[in-house]
Amino acid sequence: MSRLARTTAALALALSLAAGLPAAAAGPKGPAAPAAGPLRDVVLVGNSADGTVSFLDAHTYRNLGTLDVVPDLEEVLGGMDLVRRAAYEVVKQQAGGDKFVDDAHLSPDGRTLYVSRGNLGDATAFDVATGRRLWRTHLDGFKADHAALSADGRSFVVSAITAAKAQVLDTATGRVTGEFPTGTYPHENIYSADGSLIYNMSIGVTSLPKALDFLKGSKQVTVVDAATLKVVRTYAFDKGIRPAVVTPDGRTMYAQLSYLNGFVEYDLQAGRTVRTVEMPFSEAGAALEPDDYPQNSAHHGMAMNAARDKLCVAGTIDDYTAVVSRPALTTDGFVHYPQGSLPYWSVTGADGGTCWVTLSHRDEVSVVDYATAKEVARVKVGDFPQRERTGRAAPEALAGLTPQG
């Protein structure tokens, strides 16, 4: 797309976003800045290979545009010493190419985007309206992984995966304010419903084959006090803990595990697995060897609806999304995708009744209705959509996005 076309498209997007808002009064020095309106519910999609984040309207499913979160790529690569550059190339090779966006969260005021940039091993903040980088922080080790944002928007928790720790950053400055130890290869971070605890799930060394699972390191859930970052409990597993959801009462965790074509129900009070649910293989999924699973994951993506009576499960190697009712854990239905779609993450939308699933190899997001277990929309996004998060964006900031495509 030419610069003129991009400029024209951006102007058209800004005008469409402003439609219906009160017009700002013009002063003697020209038009005023766009009027601030109510925050808009969005779903953020990290396009990992592109190095962009797509903003999708959580109610209309419309793609509102993207933000470039690696505008400083050449600067960062050029500033690496020999050790870090060699590590970057190794991580890139193991990931099957550049994976720049591992996770992205939006500030409570809807104006700042916080990103953990996987292969670059750092965390950054961007002003959504201008695309300007506000700060950048190297994490310990060589790869940045899953992240979580505190409810007040002040703390950004990122897994420093090769350093076996999670680090906490001040969102105003990017300064590391604390850290806590984890198992081997820390992965997902989840705040408890009341914000008092942080759950960190470790997956073990994914580059080793299943036959050497005993060498992958400690696979555990680490629970820490969110205020002090002191470890209050750990739960040991024999397989890596993949995407998980914790019930608001803190009693139950549903988690996908490395190599498991399904998920477990885990009693967090007793510290034991209550049920293991095996989901059906597709013909293509059944033909794969475990060492061919993407990063050891058979299924990778789990969410729970607002009513807490249904789970949304991404069947990664099986190319489907399943809706499962709890507490019985019976399957309501499936949404099937073409072979090789790679459904890779699930998140519940702002309405509480839709599940958004990335189809990483199709550069799409599938929106599934919890009530009917049917797909209600399919949205085109960028290259290799991976992690999704919900947020609320300031309308005036959205006008600075680049139209998708």
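**Close-up 1. The disulfide between Cys-312 and Cys-355 in the predicted model.** A search of the whole structure, which is a predicted model, finds one disulfide. This bond joins Cys-312 to Cys-355, with an S to S distance of 2.1 Å, and it links distant parts of the chain, since Cys-312 belongs to strand E21 (residues 310-315) and Cys-355 to strand E25 (residues 354-359), 43 residues apart. The torsion about the S-S bond of Cys-312 and Cys-355 is about -80°, and the disulfide is therefore left-handed. Cys-312 has a relative accessibility of 0% and so counts as buried, while Cys-355, with a relative accessible area of 1%, is buried as well.

**Close-up 2. The stacked rings of Tyr-114 and Trp-135.** A search of the whole structure finds nine aromatic pairs. In the aromatic pair formed by Tyr-114 and Trp-135, the rings lie 6.3 Å centre to centre with 25° between the planes, and the pair is stacked. Distant parts of the chain are linked here, with Tyr-114 in strand E5 (residues 112-117) and Trp-135 in strand E7 (residues 133-138), 21 residues apart. Tyr-114 counts as buried because its relative accessibility is 6%, and Trp-135 is buried with a relative accessible area of 7%. Ring pairs also bring in Phe-156, linking Tyr-114, Trp-135 and Phe-156 into a cluster.

**Close-up 3. The edge-to-face rings of Tyr-344 and Phe-384.** The ring centres of Tyr-344 and Phe-384 are 6.2 Å apart and the planes stand at 80°, so this pair is edge-to-face. Because Tyr-344 lies in strand E24 (residues 343-348) and Phe-384 in the loop between strand E27 (374-380) and E28, the pair ties together parts that are 40 residues apart in sequence. Both Tyr-344 and Phe-384 are buried.

**Close-up 4. Charged side-chain ends over the rings of Tyr-259 and Trp-345.** The charged end of Lys-210 sits over the ring of Tyr-259, at 5.2 Å from the centre of that ring.

**Close-up 5. The largest pocket and the residues nearest its centre.** The largest pocket of the predicted model has a volume of about 1400 Å³. Its lining is made up of 48 residues, of which Ile-190, Tyr-191, Arg-308, Arg-389 and Thr-390 lie nearest the centre of the pocket. Divided by class, the lining of the largest pocket holds 27 nonpolar, 15 polar and six charged residues.

**Close-up 6. The second largest pocket and the elements that contribute to its lining.** The volume of the second largest pocket is about 760 Å³. A total of 35 residues line this second largest pocket, and those that lie nearest its centre are Gln-94, Ala-95, Lys-143, Thr-206 and Gln-295. Two or more residues of the lining are given by each of helix H3 (82-94), strand E8 (144-149) and strand E28 (385-393), and the largest share, three residues, comes from H3. By class, the lining of the second largest pocket comprises 14 nonpolar, 14 polar and seven charged residues.

Methods:
Residues numbered from 1 in each chain as written. Predicted model: local features only at pLDDT ≥ 70, side-chain atom pairs only at ≥ 80, totals over all residues. Heavy atoms only, no water. 1 Å grid on protein atoms, 1.4 Å probe; cavity = no way out; pocket = protein on both sides within 12 Å on 5 of 7 lines; lining within 4 Å. Points joined across faces, edges and corners; volume = space filled by probe spheres on them. Nonpolar A, V, L, I, M, F, W, Y, C, P; charged D, E, K, R; others polar. Helix = DSSP H or I, 4+ residues; strand = E, 2+ residues; numbered from the N terminus. Disulfide = S-S within 2.5 Å. Buried < 20%, exposed > 50% of the residue type's maximum accessible area, 1.4 Å probe, protein only. Phe/Tyr/Trp six-rings, centres within 6.5 Å; stacked < 30°, edge-to-face > 60°. Lys NZ or Arg CZ within 6 Å of the ring centre and 35° of its normal.
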